[in-house]
Amino acid sequence: MARRVQRVLHPVNARLDEHLPIDHKLSQVYRVGAGLTGLLLVVFGILGLIDRIGFFDTGGDTVLALNTNGALSVLSICIGGLLIVGMVLGGTFASTLNIVLGVLFIASGFVNLALLDTGLNFLAFQIQNVLFSFVVGVMLMWFGMYGRVGSALPHDNPYWRARHPEQAAREDRARLARGQLARPDAV
């Protein structure tokens, strides 16, 4: 009974923060996604601050076809800087950061959609900002989940191996028996 409860609570043997080998090719995908998105947000924020828009102004000032104010510009620079840090660190941190920020961008899109024509719209969002938030959120989630989740991950993928340790061990033993895998003690 306890094993069933454990299986329901943790259906997969791997957690989202399992460590990715430092030199794994998936790390490049996570870095590129975080870096490009971070750079886009920093540029948007800097251009918004250069225009000297009021901090909580909702007057309809636009930068790169998106409505903005000082608060949104500063927030964009901070989030973009965080993504650039994720790019520098890379690996599982960048992947997890992309996923978390992607979910937050999508949530922000829904919240700001509800606040569009109210007095609580202190970030001066318009519908184009909401759509941008959705697109960036999905893009960040895609970059973060790439090679990490899916039904057809290759068997040499470190996340697949962490989720299927028994089958990975059987495959390693079979490769070792065929002489296709270097023995760990032979190094």
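Residues are numbered from 1 along each chain as its sequence is written, and side-chain values use heavy atoms, with hydrogens and water left out. Because the model is predicted, local features are reported at pLDDT of at least 70 and side-chain atom pairs at pLDDT 80 or more, whereas totals for chains, interfaces and linings use all residues.

The chain contains seven helices and two strands, where helices (H or I, at least four residues) and strands (E, at least two) are DSSP runs numbered from the N terminus. Along the sequence these elements follow the pattern α-α-β-β-α-α-α-α-α. Of the 187 residues in the chain, 36% are buried; here buried denotes under 20% relative accessible area, exposed over 50%, and partly exposed the range in between, with a 1.4 Å probe and protein chains only. Among contacts (heavy atoms within 4.5 Å) in the chain with a separation of 6 or more, 65% are accounted for by residues 24 or more positions apart.

Helix 3 (residues 70-89) has 20 residues and reaches 29 Å from its first C-alpha to its last, which is close to the 28 Å expected at 1.5 Å a residue; the expected span is 1.5 Å times one less than the number of residues in the helix. At the start of helix 3, a side-chain oxygen of asparagine 69 comes to within 3.2 Å of the backbone nitrogen of alanine 71. The buried residues of helix 3 include Gly70, Ala71, Leu72, Ser73, Ser76, Gly80, Leu83 and Gly86. Just after helix 3, glycine 90 adopts a positive phi of about 65°.

The largest nonpolar core comprises 10 residues, namely Phe44, Ile53, Val63, Leu66, Ala71, Leu72, Leu116, Leu123, Phe125 and Val130; such a core is a set of buried Ala, Val, Leu, Ile, Met, Phe, Trp, Tyr and Cys residues joined through side-chain atoms within 4.5 Å. Apart from this core lies another, of eight residues, among them Ala34, Leu83, Leu97 and Leu140. Within the largest core, phenylalanine 44 touches Val63, Leu64, Leu66, Asn67, Thr68, Leu72 and Ser76, when residues up to four places away in sequence are not counted. In soluble globular proteins, nonpolar side chains tend to be buried together.

In the loop between helix 4 and helix 5 (127-145) lies alanine 124, which has a positive phi of about 60° although it is not a glycine. Alanine 124 counts as buried, at 2% relative accessibility.

The loop between helix 5 and helix 6 (158-163) holds arginine 148, which is buried with a relative accessible area of 1%. The C-alpha atoms of arginine 148 and proline 158 are separated by 8.5 Å, although these residues are 10 residues apart along the chain. Aspartate 156 is also placed in the loop between helix 5 and helix 6, but it counts as exposed at 57% relative accessibility. Between the C-alpha atoms of aspartate 156 and glutamate 171, 15 residues apart along the chain, the separation is 9.8 Å.

Helix 7 has 14 residues and reaches 20 Å from its first C-alpha to its last, close to the 20 Å expected at 1.5 Å a residue. The structure holds one salt bridge, defined as a side-chain nitrogen of Lys or Arg within 4 Å of a carboxyl oxygen of Asp or Glu. In a salt bridge, the side chains of arginine 175 and aspartate 172 meet at 2.9 Å, N to O. Because these two residues are three residues apart in helix 7 (residues 165-178), arginine 175 and aspartate 172 are separated by about one helical turn. Arginine 175 counts as partly exposed, at 25% relative accessibility. Just after helix 7, glycine 179 takes a positive phi of about 80°.

Terms used:
Polar contact = N/O pair within 3.5 Å; in protein donor to acceptor, adjacent residues only side chain to side chain.
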